[in-house]
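Student: I am new to this structure. Please pick one part of it and take me through that part closely, then show me how it compares with a few other places.

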Amino acid sequence: MRESESANILSSRKIMAGEDIDNPIIQILGHKKLVGQNTGERYRLLVSDGKRVNSFTMLATQLNSKITELTDFSICQVNRYAVSVVNNSGKQKRVMVILSIDVKVPGEQVGSKIGNPVNIDNNANGDAEPTKPQTSTVKKPMVTSSVPKSSSYDHSSEITTTPIVALSPYQNKWVIKARVTSKSNIITWSNSRGEGKLFSCDLVDESGEIRCTAFRDQCDKFFDMINVGKIYYISRCNLKTANKQYSTLKNDYEMSMTSETEVIPCHDEVDSIPTIQFDFIPINLIENKERNDIVDILGIVKSCEEVQMLRARTTGRELKKRDVTLIDDSNTMICLSLWGSDAENFNGSNNPVIAIKGARIGEFNGGKNLSTLMSSVLQIDPDIPEAHKLRGWYNTIGMSDQAKSLSAFNSGGMNGEWLSLLEAHNLINRNSNKTLVFLDKLIITLVKSENVAYKSCPVEGCKKKMIDQANGMYRCEKCNKEYPSFKYRILANINFSDWINNQWVTAFNEEAEKVLNMTSQELGELQENNQEQFLEKLTDVTFKYFLVKLRMKVECFNDESRIKANCLSISAMDYKTHNDVLLTKLKDFLGIEML
């Protein structure tokens, strides 16, 4: 062991007494996973300096992935750490939070514990006199509850900070130094208990992250002051258990501002405080996640739809939505739904890389999709190594390879798994509970003329078939009303075939209009007024090829099981796309790389 390492290895007691030790050397003797009630895992370490064992050591959550390297008996160098005082069973204990660590000698090479270390006496006393914790001296404008919103004054003092990871409701004398990674708009509410408003922001330091929310007066007081990307000293907030319905951060707690809260800008840029903490998972792993799980995703835009205008069912409020298909180097695609200003302002040209913190997993038609939340953080072409690596993969491999899609029919695009009808039937027959969504090149052999066009309710969103009252009025049983008019809708039963099998498929209004190349109103009027031309129109489309996305499942009718298929999307035959699929299948079958 080098002399510098030897000087630093006997340092555990000094660190816990408050001394600042440069790059201390420790040995890992074990670790324990701590799982919070509402959040992910955190690791507590058992470490030794060769003389004393310290169990009051935590690994910062952003280093969780390194736990596999920190095997028993490993010799490690701690590059950065923080020490915080926490309440432990009524006693004040110092906790060392490791923020950066490197393995010098793997545990399998060391093979045993060094020395005969004893448990450290974890209090403020040690071999050396306790030293004053490291502080920062800054010039800053201070904003407190006693100062009007428009006022500020200069005040210099020493500020001792606590790592976010060490915050708990059992202590209230703390100051954090954190960067704002996101800030919501002001949200107003009105209910039986009154009216109010709030905004929230996400904070991060070297040790972890936390959500902070300001209500009513504090909302007015701090909203204009707090800006994304800036660093602040924040103190005198209430700490409570995090509500995971609104916060996706990996912290058991969240902060609420009070009339006593202080927010002080830090004008010195601190490179050690990250801008945002991501915990990316590959898109292919989403398939095994549960609905409503929250994940961080990094993907590249494969395709992008236009903005859709929707209306909320409960409130009637107008919503803006844009569906984007993402792909990553697991060669898996998924549909991401953007909402509001994110949907309106998004530019999907040139296949940008998107990093999303806090996307929610949804399910639709047997597939998985993603959706942004009000608390989600979206970054376009982020300057991080993972994004540069993904861009390189896409430019060389990803843009031309056939990919698997986890989303069924969500974006309206023709993305998904390619199967023949025979392959689909075999999969369904092996698992009758499975809902299968797939793509195929199909030819139309027959369109049934019976009941292909029907008179539906004229109310927007209601598709119920109307009952002719024979008095010029039409009744909708669903709306329980009579109307003097109706709308034609198409419900087509189409027999599709590929090279080996055939399947009856139900095509609803919009997709049937694409097949017949005419509107439902035009087809209905033709059916009503000219039966010969109506039948000709149905036969004109036979023996034409289409690219079709189908949803197939087994349904029971009169105690008889049968395969039912619906057309989710259909488009004119794109031979280039289909040729790419055939080449990919040929490459996989032969086990060779094709240029």
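**Helix H7 and beyond**

Tutor: Let's begin with helix H7 (residues 421–430), where Leu421, Ala424, His425 and Ile428 are the buried residues. Buried means under 20% relative accessible area, exposed over 50%, and partly exposed in between (1.4 Å probe, protein chains only). Helices (H or I, at least four residues) and strands (E, at least two) are DSSP runs, numbered from the N terminus. Looking down the axis of H7, you will find its buried residues within an arc of 100 degrees, so they line one face of the helix; the arc is taken from the directions from the helix axis to the C-beta atoms.

What do the buried residues of H7 pack against? Strand S25 (436–447), strand S31 (492–497), strand S32 (502–507), strand S33 (545–557) and strand S34 (560–572) are their partners.

A quick word on what you are looking at: this is a predicted model, in which local features need pLDDT of at least 70 and side-chain atom pairs pLDDT 80 or more, while totals for chains, interfaces and linings use all residues. Numbering starts from 1 along each chain as its sequence is written, and side-chain values use heavy atoms, without hydrogens or water.

Now take helix H6 (residues 385–398), whose buried residues are Ala387, Leu390, Trp393, Tyr394 and Gly398. These cover an arc of only 120 degrees around the axis, which puts them on the same side of H6.

Arg391 sits in helix H6 and Asp381 in the loop between strand S23 (377–380) and H6, so the pair ties together parts that are 10 residues apart in sequence. Arg391 is partly exposed, at 23% relative accessibility, and Asp381 is partly exposed too, at 43%.

The structure holds 13 salt bridges. One of them joins Asp323 to Lys321 at 3.9 Å between the closest N and O atoms, and both of these residues are buried. Glu69 and Lys66 form another, at 3.4 Å between the closest N and O atoms; Glu69 is partly exposed at 41%, whereas Lys66 is buried at 18%. Elsewhere, a network of salt bridges links Glu209, Asp296 and Lys357.

Finally, look at some rings: Tyr474, Phe486 and Tyr488 form one aromatic cluster. Rings of Phe, Tyr and Trp (its six-membered ring) pair if their centres lie within 6.5 Å; planes under 30 degrees apart count as stacked, over 60 as edge-to-face and the rest as tilted. That rule gives five aromatic pairs. Tyr474 and Phe486 have ring centres 5.0 Å apart and planes at 70 degrees, so they are edge-to-face. The two are 12 residues apart, with Tyr474 in strand S28 (residues 474–476) and Phe486 in the loop between strand S29 (481–483) and strand S30 (487–490). Phe486 also pairs edge-to-face with Tyr488, at 5.2 Å between centres and 85 degrees between planes. Tyr474 is buried at 13% relative accessibility, and so is Tyr488 at 7%, while Phe486 is partly exposed at 23%.

How values were computed:
Contact = heavy atoms within 4.5 Å. Salt bridge = Lys/Arg side-chain N within 4 Å of Asp/Glu carboxyl O.
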